[in-house]
Amino acid sequence: MTGRLRLPWRRRTGRRAGSATPPGSAPPLSEAEVAEAERELGVRFPPGYRTYLREESAGGGHVRRLRRGPEGWWWDANHETRRDLLPVPFPHPDSYAAEDDEQWARQPQSADFADDLSYAEAWARWDDEGEEREDRKTAGAVVLRENGCGFRTLLVITGPLADTVWWDGRATCDRIVPLSFDHPGGAPPLTFREWRERGLTDPSHLLGPDWGRPAPR
């Protein structure tokens, strides 16, 4: 099979709320505020992003703002990002490719069940498992920017890939790929600072030539 079915949890992945942050930037945060946010969220911000928060801005405009709200510290319009997964290291997409294959191979088929109710119950369990897996693909990361049509720019906060920036293209091709200066040459993902300098408004030149193709199955 050359592509994947578009299931409910995959459709939801592609429909994220737009940013509620108005144009412009918020003032920088104090060291005490940054430290308080880190303690509350259970993470240590990557150095480049931490410097940005302390010396340049808390966000706004092109970069989602970090602020303290009624429920504590969080980023604007990251409503569907799970707080409990932020301290979990961000997984490289290569690390779950085989598990994705295995999950799709287990998709319930109606012909294997004695009645529609049994099939529906099995499919619902399988779908719930898939939704949990999709959530965990962005563990340790937050949305920096909504790029329209369900595409999002992610900043990795936690794990070996912290301070790198990724393109969430699951709305159409089921892939999360790094933003990079040289995909064919194997260049590493951009850092937060590099993204702000080179790819903040138009990331098209930072995507590999085949990023939009469905993952082969």
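Cys149 is exposed, with a relative accessible area of 70%; exposed means over 50% relative accessible area, buried under 20%, and partly exposed in between (1.4 Å probe, protein chains only). The phi angle of Cys149 is near 60 degrees, a positive value in a residue other than glycine. Ala77, in the loop between β2 and α4, also has phi near 60 degrees, again positive in a residue other than glycine. Ala77, however, is buried, with a relative accessible area of 10%.

A word on what you are looking at: this is a predicted model, in which local features need pLDDT of at least 70 and side-chain atom pairs count only at pLDDT 80 or more, while totals for chains, interfaces and linings use all residues. Residues are numbered from 1 along each chain as its sequence is written, and side-chain values use heavy atoms, with hydrogens and water left out.

Now step back to the whole protein. It has 6 helices and 6 strands, which follow the pattern α-α-α-β-β-α-α-β-β-β-β-α along the sequence. Of its 217 residues, 47% are buried. Contact means heavy atoms within 4.5 Å; among contacts between residues at least 6 apart in sequence, 64% join residues at least 24 apart. The protein exposes about 10900 Å², with carbon and sulfur atoms supplying 52% of that area (Shrake-Rupley method, 1.4 Å probe; for residues, only the protein chains shown count as cover).

Next, look inside. A nonpolar core is a set of buried Ala, Val, Leu, Ile, Met, Phe, Trp, Tyr and Cys residues joined through side-chain atoms within 4.5 Å. The largest one holds 31 residues, of which Phe45, Tyr49, Leu66, Trp75 and Ile157 touch the most other members. Elements giving two or more residues to this core are α2 (31-41), α3 (47-56), β2 (72-75), β3 (141-148), β4 (151-156), β5 and α6 (192-198). Apart from it lies another core, of 9 residues, among them Val143, Leu154, Leu161 and Ile176.

Aromatic rings deserve a look of their own. Rings of Phe, Tyr and Trp (its six-membered ring) pair if their centres lie within 6.5 Å; planes under 30 degrees apart count as stacked, over 60 as edge-to-face and the rest as tilted. The whole structure has 12 aromatic pairs. In one of them, the ring centres of Phe45 and Trp75 are 6.1 Å apart and the planes stand at 75 degrees, so the pair is edge-to-face. This pair links distant parts of the chain, with Phe45 in the loop between α2 and α3 and Trp75 in strand β2, 30 residues apart. Phe45 counts as buried at 2% relative accessibility, and Trp75 does too at 3%. Trp123 and Trp126 form a tilted pair, with 5.8 Å from centre to centre and 55 degrees between the planes. Because they are 3 residues apart in helix α5 (residues 116-136), Trp123 and Trp126 are separated by about one helical turn. Both Trp123 and Trp126 are buried. Ring pairs also link Phe45, Tyr49, Tyr52, Trp74, Trp75, Phe192 and Trp195 into a cluster.

Our last stop is Asp168 in strand β5 (residues 165-168). Asp168 is buried, with a relative accessible area of 1%. A polar contact is a pair of N or O atoms within 3.5 Å; within protein, one must be able to donate a hydrogen and the other to accept it, and residues adjacent in sequence count only if both atoms are side-chain atoms. The side chain of Asp168 makes a polar contact of 2.2 Å with that of Arg152 and one of 2.8 Å with that of Arg170.

Key
Helix = DSSP H or I, 4+ residues; strand = E, 2+ residues; numbered from the N terminus.
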